[in-house]
Amino acid sequence: LKEESSVTGVDPAEAQQLSQTGAILVDVRMEKDYGQQGFIEDSINLPLYRPIAGWDAGSTIRRAAFTAFGVPGTELVPDWALELEALGIDQSQEIIICDETGGSLEQTP
């Protein structure tokens, strides 16, 4: 993916406008959220997180810790960028990452 210095935030209206000029919209929510909560037209769903895989001691402890807080246990998809490439997305293209919470790339003191 691009250098961190070239990453900027956009609001939903800007994202929609950029997608009309060729930017790729990648929605990183879990598949069930993408389908149930709605999505931006023409976006691609490629979850950044997945349910915790494996049943080794570390995975089981992490899963239990998440459960204690009442949320499903998740972990980063290890080869997310490779999955992006497998979809035929050229990483030199403008890519807009969408999620359910939004937010800002601005650092706060």
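Leaving aside its neighbours within four places in sequence, which residues is Val77 in contact with?

Guide: Happy to take you there. This is a predicted model, in which local features need pLDDT of at least 70 and side-chain atom pairs count only at pLDDT 80 or more, while totals for chains, interfaces and linings use all residues. Residues are numbered from 1 along each chain as its sequence is written, and side-chain values use heavy atoms, with hydrogens and water left out.

Once neighbours within four places in sequence are set aside, Val77 is in contact with Pro47, Leu48, Tyr49, Arg50 and Glu83 (contact means heavy atoms within 4.5 Å). Val77 also belongs to the largest nonpolar core, together with Ile24, Val26, Val28, Leu46, Trp80, Leu84 and Ile89, eight residues in total. Such a core is a set of buried Ala, Val, Leu, Ile, Met, Phe, Trp, Tyr and Cys residues joined through side-chain atoms within 4.5 Å; buried means under 20% relative accessible area, exposed over 50%, and partly exposed in between, with a 1.4 Å probe and protein chains only. Two elements, β1 and α4 (80–86), each give two or more residues to this core. Helices (H or I, at least four residues) and strands (E, at least two) are DSSP runs, numbered from the N terminus. Another core, of five residues, lies apart from the largest one, and its members include Ala15, Leu25, Ile96 and Cys98.

Strand β1 leads us on to the sheet. In this open sheet of three strands the order is β2-β1-β5 and the pairing is parallel; two strands pair if DSSP finds at least two bridges between them. β2 (44–45) and β5 (95–98) are the edge strands, each pairing on one side only. β1 (residues 24–27) runs parallel to β5 and is joined to it by four bridges. Within β5, Cys98 is the bridge partner of Asp27.

Not counting residues up to four places away in sequence, Arg29 touches Tyr34, Gln37, Gly38, Phe39, Asn45, Pro47, Cys98, Asp99 and Glu100.

On to helix α1 (residues 12–20), where Gln16 has its place. Gln16 is classed as partly exposed because its relative accessibility is 35%. At the start of α1, a side-chain oxygen of Asp11 comes to within 3.1 Å of the backbone nitrogen of Ala13. Gly22, with a positive phi near 110°, follows α1.

Stepping back, the protein chain holds four helices and five strands, in the pattern α-β-α-β-β-α-β-α-β along the sequence. Of its 109 residues, 24% are buried. As for confidence, the mean pLDDT (the predictor's confidence in each residue, from 0 to 100) is 84, with 88% of residues reaching 70 or more.

Methods:
Polar contact = N/O pair within 3.5 Å; in protein donor to acceptor, adjacent residues only side chain to side chain.
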